[in-house]
Amino acid sequence: MNVRIAGIDADRQAKVAARLGQLLPEASVLHHQEDTRPYECDGLSAYRELPMVVALPASEGEVQAVLKVCNDLNVKVIARGAGTGLSGGALPSREGVLLSTAKMGKIIHVDPVARVARVQPGVRNLSITEAAAPYGLYFAPDPSSQIACTIGGNVAENAGGVHCLKYGLTVHNVMRVRGVTIAGEVIELGSEALDAAGYDLLALAVGSEGMLMVITEVTVRLVPKPELARCILAAYDDVEKAGNAVADVIAAGIIPAGLEMMDQPATRAVEEFVHANYPLDAKAILLCESDGTPEEVAEEIERMTEVLRKSGATEIRVSRDEAERLKFWAGRKAAFPAVGRISPDYYCMDGTIPRKRLGEMLHAIARLEKKYRLRCPNVFHAGDGNLHPLILFDANDPDELHRTEQFAAEVLELSVAYGGTVTGEHGVGIEKINQMCVQFSPEELEMFRGVKRAFDPPGLLNPDKNIPTLRRCAEYGKMHVHRGQLPHPELPRF
Amino acid sequence: MTDAVNSLVETIRAAAEAGRGLRLRGGGTKDFYGQALHGAVLDTRGHAGIVAYEPTELVVTVRGGTRLTELEATLAEKGQMLPFEPPHFGADATIGGAVAAGLSGPRRQSAGALRDFVLGVRILDGRGQDLTFGGQVMKNVAGYDVSRLIAGSMGTLGLILEVSLKVLPIPVTEATLQLELPQDKAIEIMNRWGGKPLPVSATAWTDGDLWVRLSGAEAAVRAAREKIGGEVVDDAGAAAFWTALREHTEPFFRDAVPLWRVSVPSTTAALEVPGEQLIEWGGSLRWLTTGADARVIRELAARAGGHATLFRGGDKAETGVFHPLAPAVARIHANLKREFDPHGVLNRGRMYPEF
Ligand SMILES: Cc1cc2nc3c(=O)[nH]c(=O)nc-3n(C[C@H](O)[C@H](O)[C@H](O)COP(=O)(O)OP(=O)(O)OC[C@H]3O[C@@H](n4cnc5c(N)ncnc54)[C@H](O)[C@@H]3O)c2cc1C
């Protein structure tokens with residue numbers, strides 16, 4: 001019998017490490033526990049597993065070499081950027097190679113005239129904007145994790161940010177992706193023109209969670225930095241009123257540069273942490289931003305203020321200068337760490353629903369808080385209907401963890417029932433794999449598997465994520481909710 | 001399932017069983033586009049109508065057989081629009097056909113392409129299976145983005161039963177300016193504007209004139225007009241120009257045969273080929289009418305980092321309509337086709353003769 005440490009087959013590990021060691025520098029292949037431990041989880045730390053081997057290729061050629069070996073030896077490969085993912089997409093496998101892009105962090109080229117940047121996959125999101133800043137340009141998708149997360153991870157998750165209502169998600173801001181297939185072949189999808197011949201494989205690559213290819217190079221679109229941005233902070237004495245105000249802004253024909261919402265528990269947690277000077281007696285606040293030329297901003301802020309006032313805001317503040325605007329945002333951007341301070345653990349959800357159901361969802365979450373005896377502050381990308389309820393729990397208490405998982409599952413399934421989706425930007429990964437059975441029919445899931453087969457016939461790239469097997473769905477035992485309709489709409493849910 | 005859908009399902013199933021190809025067709029306005037057509041016509045227009053439209057959600061869900069003019073009129077009533085300005089190429093164009101062709105109009109350079117606004121689709125695959133991907137919400141990363149894959153797939157992967165699209169408010173103000181400029185100067189200046197926060201929504205260079213459309217808040221359009229200069233075109237003349245450009249009724253497109261659509265990075269220098277050229281999308285889209293050899297044009301486009309489509313006329317069988325794919329990418333295409341349409345029922349060969 002083989003020796004197993006942490007469930008890892010030692011013979012196989014030695015064999016894979018040796019083969020990779022022939023192709024990569026010694027320091028780029030890790031298999032001792034003390035070296036592989038830092039890779040055992042991503043941002044979803046409730047799931048952990050030690051990888052069999054970690055490979056750190058430094059070039060596209062080395063990525064090809066790693067993938068060829070893995071294909072040859074029938075070893076799974078899990079790509080990893082910065083490991084900030086919140087759905088366990090980069091969770092390693094004890095039977096697999098974890099391929100980290102940490103050594104591929106070069107900005108290859110910034111072209112200010114064509115407004116594009118060509119970068120390696122391990123480049124951090126914020127460094128792209130920093131490299132473009134001298135030309136008055138920036139990379140629009142701005143996830144709150146932007147100081148750490150990589151462009152490879154952004155592409156693999158189709159990451160969004162607080163400004164994507166107006167400027168789009170990663171999919172709208174990436175022009176071209178180079179990647180390596182499991183067979184070790186380099187493919188180029190999209191182009192530096194505005195489209196490419198054939199099927200839109202670039203669209204499939206975005207959001208593919210490392211399951212179709214390993215991304216080795218990305219060309220992103222850069223956009224001109226607006227001359228001016230100003231932000232409105234509006235307070236409400238009722239969460240539903242705040243939810244409706246979001247719809248009112250859009251109905252008035254305004255597309256704000258950002259439109260975010262936080263409820264009272266969230267503003268209180270944040271206030272202690274960053275002192276953003278939020279009105280703490282408000283049941284909810286909205287942050288509504290306008291950007292453009294000074295003339296445009298003045299005109300838009302006036303229209304926004306009028307709509308927000310009519311929607312019942314109890315207080316309206318307009319940022320007077322850049323310092324105040326950044327202060328408004330500092331609170332929102334620090335929401336996750338702030339909540340992390342008031343609870344041993346928190347669980348972040350990511351459902352997206354039609355905007356008009358925001359108020360309803362908040363009431364439903366309040367009922368679930370009572371049902372599961374757990375607190376749940378809410379921060380929303382309200383303009384997009386993307387929810388991040390944060391369930392507070394203590395992972396050392398197995399019952400709390402269990403209740404948290406049930407709480408989360410109910411919220412996600414409710415998102416589907418409201419005509420939405422289980423994940424807006426954090427991805428399915430390992431975390432929401434069961435809820436995929438609720439959102440999709442068996443035939444639709446089989447088509448997803450077909451897409452994977454088209455790129456990865458042996459099924460070795462991150463195979464245990466995102467798309468559940470039929471067997472897994474049968475075990476989960478939840479019915480597919482057909483197009484926003486609950487199986488028995490007449491029955492009360494709570 | 002409605003009768004119209006049932007009948008589409010039955011037809012596809014029967015064709016799959018018999019191994020017969022079908023030719024999906026809405027209004028037939030884009031019959032000219034793509035490789036030669038084969039198989040019995042399957043008319044999609046029986047499945048028409050707007051399923052759901054809520055202006056405050058910025059989303060419309062519409063059946064594939066709905067006429068594009070009807071959809072656009074419904075949106076306009078609420079002050080909204082399809083931001084990608086799809087070309088109709090005829091009064092009978094359907095939204096299903098527009099999504100399948102994947103073409104975008106003048107506003108593409110600023111608003112984004114058709115595929116950028118596709119939020120979800122309901123399709124029949126080549127086995128007649130009724131499948132839904134994506135949805136009606138703005139952000140959705142559950143599963144692979146099959147909806148965007150369907151956009152521009154020329155009906156080769158699925159019959160579009162329904163599509164959900166993001167819509168946007170019609171800009172409050174628009175103004176069109178005209179500047180007399182040679183081609184290389186026009187390319188240079190369009191790129192320069194692209195790097196500035198200006199509300200330029202469309203550009204076109206033809207016959208020594210650069211046309212610029214500004215869209216947005218009144219104050220922004222007014223300020224940009226000062227910065228850009230040139231002659232202001234009256235509203236009627238401007239509307240007529242942008243429509244004619246989108247619909248290929250502009251003088252340049254009349255008798256433009258063969259017509260090449262060359263998509264290149266915006267900064268690409270004027271293409272050195274005999275014949276006439278019209279430029280759109282801030283320099284990224286070059287229309288050529290030329291007798292030059294297809295290989296020369298494809299080589300030129302590829303060297304610039306782009307691709308060339310034989311859009312109208314020419315010898316399609318000999319040249320191929322769409323730019324040849326790299327072998328590894330072509331293999332993925334063939335694999336996808338097999339997964340969606342294992343019996344080769346749907347628009348076989350319409351995109352590439354091999355599938
Ligand atoms: C505090 C905090 C705030 C966050 N805020 C946001 C937010 O506002 N918006 C948002 O969208 N997300 C947010 N996230 C989630 C996360 O940061 C994003 O999903 C990000 O895109 C992940 O990037 P990464 O480099 O960390 O990827 P990883 O976590 O390393 O990997 C994520 C997935 O991408 C795959 N992958 C990584 N690199 C490659 C590659 N080169 N080729 C192929 N596949 C690859 C992995 O296999 C995995 O499936 C937040 C996370 C944290 C911790």
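Trainee: In this predicted model, which strands are included in what covers the buried residues of H1(B)?
Mentor: The model is predicted, not an experimental one, and the cover over the buried residues of H1(B) is drawn from chain B. Among the parts that make up this cover are several strands, and they are E1 (22-25), E2 (40-43), E6 (118-124), E7 (130-134) and E8 (159-166) of chain B.

Trainee: Which residues of H1(B) are buried, and where do they fall when the helix is seen down its axis?
Mentor: The buried residues are Val5(B), Leu8(B), Val9(B), Ile12(B), Ala15(B) and Ala16(B). Seen down the axis of H1(B), these buried residues fall within an arc of 135°, so they line one face of the helix.

Trainee: Which exposed residues are carried by the face of H1(B) turned away from its buried side?
Mentor: Helix H1 of chain B covers residues 3-18, and one of its faces is turned away from the buried side. The exposed residues on that face are Asp3(B) and Glu17(B).

Trainee: How many Å does H1(B) reach from its first C-alpha to its last?
Mentor: The helix has 16 residues, and at 1.5 Å a residue the expected reach is 22 Å. The reach in the model is close to that expectation, at 22 Å.

Trainee: Is Arg246(B) buried or exposed?
Mentor: Arg246(B) lies in helix H9 (residues 235-246) of chain B, and among the residues it touches are Glu85(B), His88(B) and Phe89(B). Since a residue counts as buried when its relative accessible area is under 20%, the value of 19% for Arg246(B) makes this residue buried.

Trainee: How much area do chain B and chain A bury between them?
Mentor: The contact takes 73 residues from chain B and 83 residues from chain A. Of the area buried between the two chains, 61% is on carbon and sulfur atoms, and the area comes to about 6300 Å².

Trainee: Which residues in chain B lose the most area to chain A?
Mentor: Three residues are to be named here, and together they account for 16% of what the side of chain B buries. They are Lys139(B), Val141(B) and Tyr144(B).

Trainee: With which residue does Arg115(B) form a salt bridge?
Mentor: Between chain B and chain A the count is 8 salt bridges, alongside 26 residue pairs in polar contact. In the salt bridge formed by Arg115(B), the closest N and O atoms are 2.7 Å apart, and the partner is Asp200(A).

How values were computed: Residues numbered from 1 in each chain as written. Chains lettered and ligands numbered in written order. Predicted model: local features only at pLDDT ≥ 70, side-chain atom pairs only at ≥ 80, totals over all residues. Heavy atoms only, no water. Helix = DSSP H or I, 4+ residues; strand = E, 2+ residues; numbered from the N terminus. Buried < 20%, exposed > 50% of the residue type's maximum accessible area, 1.4 Å probe, protein only. Contact = heavy atoms within 4.5 Å. Expected span 1.5 Å × (residues − 1). Arc of directions from axis to C-beta. Buried area = accessible area lost by both parts, 1.4 Å probe. Salt bridge = Lys/Arg side-chain N within 4 Å of Asp/Glu carboxyl O. Polar contact = N/O pair within 3.5 Å; in protein donor to acceptor, adjacent residues only side chain to side chain. Lists of a residue's contacts leave out its neighbours within four places in sequence.
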